[in-house]
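Dear colleague,

Please find below the structure that I am handing over to you.

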Amino acid sequence: MTAKQLKRLGTDVLLRKRLAKFMAQQCFRNTELENLHAGKVPSSRSGDYTDVKVVTPSGEIPWSELSRLNDEEMKVLMIEVVNKTFTFLSMLFASGPATIEPVLDGLQQMDLVPHWNDPETTTL
């Protein structure tokens, strides 16, 4: 990435928002997360899931206290997301200015994930 391309990203908020959504789509979607999301979702008459509980051999667990992922599932997911993020960043920064220019141009012209909410700044 050239200094000009980096400046372009640094000064164009819309471009950074679109890049963030594109990066999330490329690095997080179609990962182990999809398999974890594919299960059955309980229904809730109350709408807030206070009426939902999971029955286990050691007792009932209210939905609000239930962990949705076990440690192994979380580990597999995070390894895959880190690998995809590294691959994406390598494409963006290490593959040369000729590779990133069409990506930046395309994102400036069009939101590649228009049905997703625009990102907002949060605390890290």
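A salt bridge is counted here when a side-chain nitrogen of Lys or Arg lies within 4 Å of a carboxyl oxygen of Asp or Glu. Under that rule, Lys 53 and Glu 60 form a salt bridge through their side chains, with N and O 3.5 Å apart. Please bear in mind throughout that this is a predicted model.

The strands

Lys 53 is partly exposed, its relative accessible area being 49%. Lys 53 also stands opposite Pro 62, a residue of strand 2. Strand 1 covers residues 53-56 and strand 2 covers residues 59-62; the two pair in the antiparallel sense over 4 bridges. Thr 56 and Asn 83 are 27 residues apart along the chain, and their C-alpha atoms are separated by 35 Å.

Helix 1 and its two sides

Which residues of helix 1 are buried? In this helix, which runs over residues 3-11, they are Gln 5, Arg 8 and Leu 9. Viewed down the axis of helix 1, the buried residues fall within an arc of 95 degrees, so they line one face of the helix. These buried residues pack against helix 2 (13-28) and helix 5 (97-109). The other side of helix 1 carries the exposed residues Ala 3, Lys 4, Lys 7, Gly 10 and Thr 11.

How many salt bridges does the rule give? The count comes to 6. One of them joins the side chains of Glu 101 and Arg 8, at 2.7 Å from N to O. This pair links distant parts of the chain, with Glu 101 in helix 5 and Arg 8 in helix 1, 93 residues apart. Arg 8 has a relative accessibility of 16% and counts as buried, because the cut-off for that term is under 20%. Glu 101, by contrast, is partly exposed, with a relative accessible area of 28%.

A further salt bridge is formed by Asp 111 and Lys 21, whose closest N and O atoms are 2.6 Å apart. Asp 111 lies in the segment after helix 5 and Lys 21 in helix 2, so the pair ties together parts that are 90 residues apart in sequence. Asp 111 counts as buried at 16% relative accessibility, and Lys 21 is buried with a relative accessible area of 4%. There is also a network: salt bridges that share partners join Arg 8, Glu 101 and Asp 105.

Is Phe 22 buried or exposed? Phe 22 counts as buried, with a relative accessibility of 15%. Leaving aside residues up to four places away in sequence, Phe 22 touches Phe 88, Val 103, Leu 107, Leu 112 and Val 113. Phe 22 and Trp 116 are 94 residues apart in sequence, while their C-alpha atoms are 9.9 Å apart in space.

A nonpolar patch on the surface

Finally, Leu 6, Leu 89 and Phe 93 form a nonpolar patch on the surface, and together they have about 260 Å² of accessible area. Of these residues, Phe 93 belongs to helix 4, which spans residues 71-94. Phe 93 is partly exposed, with a relative accessible area of 43%.

With kind regards

Key. Residues numbered from 1 in each chain as written. Predicted model: local features only at pLDDT ≥ 70, side-chain atom pairs only at ≥ 80, totals over all residues. Heavy atoms only, no water. Buried < 20%, exposed > 50% of the residue type's maximum accessible area, 1.4 Å probe, protein only. Arc of directions from axis to C-beta. Contact = heavy atoms within 4.5 Å. Patch = residues over 30% accessible without salt bridge, like charges linked within 9 Å, V, L, I, M, F, W, Y side chains within 5 Å. Areas by Shrake-Rupley, 256 points an atom, 1.4 Å probe, with all protein chains shown as cover. Pairing = 2+ DSSP bridges.
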